[in-house]
Amino acid sequence: MSVYLPPQFQKAGTILQVTVAYGTSPDATALQWMKKEQTADKRMPYLFSQCQAIHARSIVPCMDTPSVKSTYEAEVTVPTGMTCLMSAIGQGSKGDDDTTTFFYKQPVAIPSYLIAIVVGCLEKRDISDRCAVWAEPSVVDKAHWEFAETEDILASAEEIAGKYIWGRYDMVCLPPSFPFGGMENPCLTFLTPTLIAGDRSLVSVIAHEIAHSWSGNLVTNSSWEHFWLNEGFTMFIERKICGRLVSEDYRQFMAFNGWTNSLIPAVYEQFTPTHQFTKLIQDHTNVDPDVAFSCVPYEKGSALLFYLEQKLGGSEIFEAYLKDYLKTFAHQAIDSWQWKDHLYKYFADQKEVLDTVNFDLWFNGVGMPPEKPNYGQSMVEACEVLLKKWLAADESTVGDITSEDYYAMQPLQQIELLSQLWQHDPPIEHYKLDALNKLYKLNDSQNSELLLNWLRLCIKSKWEECIPKALDFVNSQGRLKFCRPIYRDLAQWPIANKKARDVYLKGRSQMHPITAEMIAKDLHIRHSTHTVCF
Ligand SMILES: CC/C=C\C/C=C\C[C@@H](O)/C=C/C=C/C=C\[C@@H](O)CCCC(=O)O
Ligand SMILES: [Zn+2]
């Protein structure tokens, strides 16, 4: 938008206040409007936003770049009975029988992608003085139990990263169509209900979103080309938090799992090792960030920090550096070169060590990183022993495998086992899949991450029995991390291709606009949404 100034206002020093009257489109890509029938309780309609990376412009006229930060205030009027929540501090509400107006204020300057709103039939459960969870009435108690450790996670994050400055840390558990695991909207993290596993096994996502209260929300990437500064640091801090709350062995295992189960498949299977989107610093000229999005900035970025921690003297020294980095750049937006300059300044006495790091390859090289950190292997061993058992078994001995060693493992180890089986060539035989399912009750798992790995393993082996389950999985929730690989896998399998396309076409009018767009791309289906300008 250009504002042409009349000549009398063009004098230097003139201060001019511009008021923009605007309306949004019902098709704004940042919003999903849901009819009451689409909600869990079917009582009231529902609305939620997702502005990252460049969808804020579809609802608010703004400088839609992470390099510009502003405070905001909002007054939102909704039908009485509905609750409006925003990524800000509530200032109360007033209303009558028909409508209620909610007042919000975000006093900390934030980039536009962190503006967020949710409206629906919502109930709240307190977790601590500064933490609470919101959800639809039939979901809120389950969410409250699942996320009960939030205050402990926040306290642990403060030990690592410094004082929490945002006042409240609330969460809202959204409908299943929310396209991401979590979104770090300040004061109000958005969460997918696919985190409700019933055993708190997926709460590392809470640690991740809490970590963003520093990396991302305070120290922000100045453009999406340097997204690793947001996400690489956040993965690193997330794992530091889990290291403190569980064990250092667990942190090492999480980082190992990120390398083997996320980064390797992204480089070799989702992309190719020469693809531009496997770079840490990317060129987004004429690129929609939603298309470039993958786990590469998360895992390559986190691996770089893990590698530097080991090179520069270990955990304690690196944590002091981390605090200094976050304090130095708080409330700013920076790029990778500013990050590197600060690193060199902070570790001035270790310049020779830093000079041995090939930053050019880490930043600009395609494919896997130039170096692999040393990941502690203590929790990997159990996965490898069990993997060998399954690979060595044949039709006559597979029945001898018992379930104790599997159930003795942590859920993340179970996921690692399935991922290793999936990466194995040739694909696993059908009788073994049948035995795996019977022994570990994989089809009935409430852990959505485990289900993803299980279904991908079955599809790779072209086990027809899994098709209905896979279709049900992508139809019952809209998290891109789960839906995109499953849809892509099914599309490449001739007998499942049409079924996958039919499920998509039938469901797409009810899907989140980002999900509908991305899956259409994966299935090579034309999809007419309103193009976001970038
Ligand atoms: C290299 C890509 C550069 C920039 C893209 C930035 C944003 C793109 C966009 O598609 C939005 C992403 C929002 C992510 C929100 C939360 C994630 O951390 C969730 C990760 C996946 C999951 O757990 O479901
Ligand atoms: Zn993140």
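**Close-up views of a predicted model**

View 1. Gly182 sits in strand E11; helices (H or I, at least four residues) and strands (E, at least two) are DSSP runs numbered from the N terminus. The model is predicted: local features need pLDDT of at least 70 and side-chain atom pairs pLDDT 80 or more, while totals for chains, interfaces and linings use all residues. Residues are numbered from 1 along each chain as its sequence is written, with chains lettered from A and ligands numbered from 1 in the order in which they are written. Gly182 has 19 other C-beta atoms within 10 Å and is therefore partly exposed (buried means 20 or more other C-beta atoms within 10 Å, exposed 12 or fewer, partly exposed in between, with C-beta atoms placed from the backbone). Not counting residues up to four places away in sequence, Gly182 touches Thr189, Phe190, Leu191, Thr192, Val205, His208 and Glu209 (contact: C-beta atoms, placed from the backbone, within 7 Å).

**View 2. Gly181 and a set of positions from UniProt.** An unreviewed UniProt entry lists a "binding site" at Gln50, Cys51, Gln52, Pro179, Phe180, Gly181, Gly182, Met183, Glu184, Arg479, Leu480 and Lys481; such annotations may be inferred rather than shown by experiment, and their positions follow the numbering used here, with feature names shortened. Gly181 belongs to the loop between E10 and E11. With 22 other C-beta atoms within 10 Å, Gly181 is buried. Leaving aside neighbours within four places in sequence, the contacts of Gly181 are Thr192, Leu195, Val205, Arg479 and Lys481.

**View 3. The open sheet of five strands.** The strand order is E8-E9-E10-E12-E11, with mixed pairing (two strands pair if DSSP finds at least two bridges between them). Strands E8 (123-126) and E11 (182-183) are at the edges with a single partner strand each, so one side of each has no neighbour in the sheet. E8 and strand E9 (residues 131-135) run antiparallel and are joined by four bridges. Asp126 has Ala132 in E9 as its bridge partner. Across E8, E9 and strand E10 (169-173) lies helix H1 (residues 137-146), at about 145° to E9 (axes are lines fitted to C-alpha atoms, for helices over the stretch in contact; angles run from 0 to 180 degrees between N-to-C directions).

**View 4. Helix H3 and what covers it.** In helix H3 (residues 204-211), seven of the eight residues are buried. These are Ser204, Ile206, Ala207, His208, Glu209, Ile210 and Ala211. Their cover includes helix H2 (150-161), E10, E11, strand E12 (188-191) and helix H4 (227-245).

View 5. His208 is part of helix H3 and counts as buried because it has 23 C-beta neighbours inside 10 Å. Outside four places in sequence, His208 contacts Gly182, Thr234 and Glu238. Glu231 is part of helix H4 and is buried, with 25 other C-beta atoms within 10 Å. Beyond its neighbours within four places in sequence, Glu231 contacts Pro297, Tyr298 and Gly301.

View 6. As 13 of the 13 residues of H16 are buried, the rest of the structure largely encloses the helix.

Definitions and conventions:
Contact = placed C-beta atoms within 7 Å.
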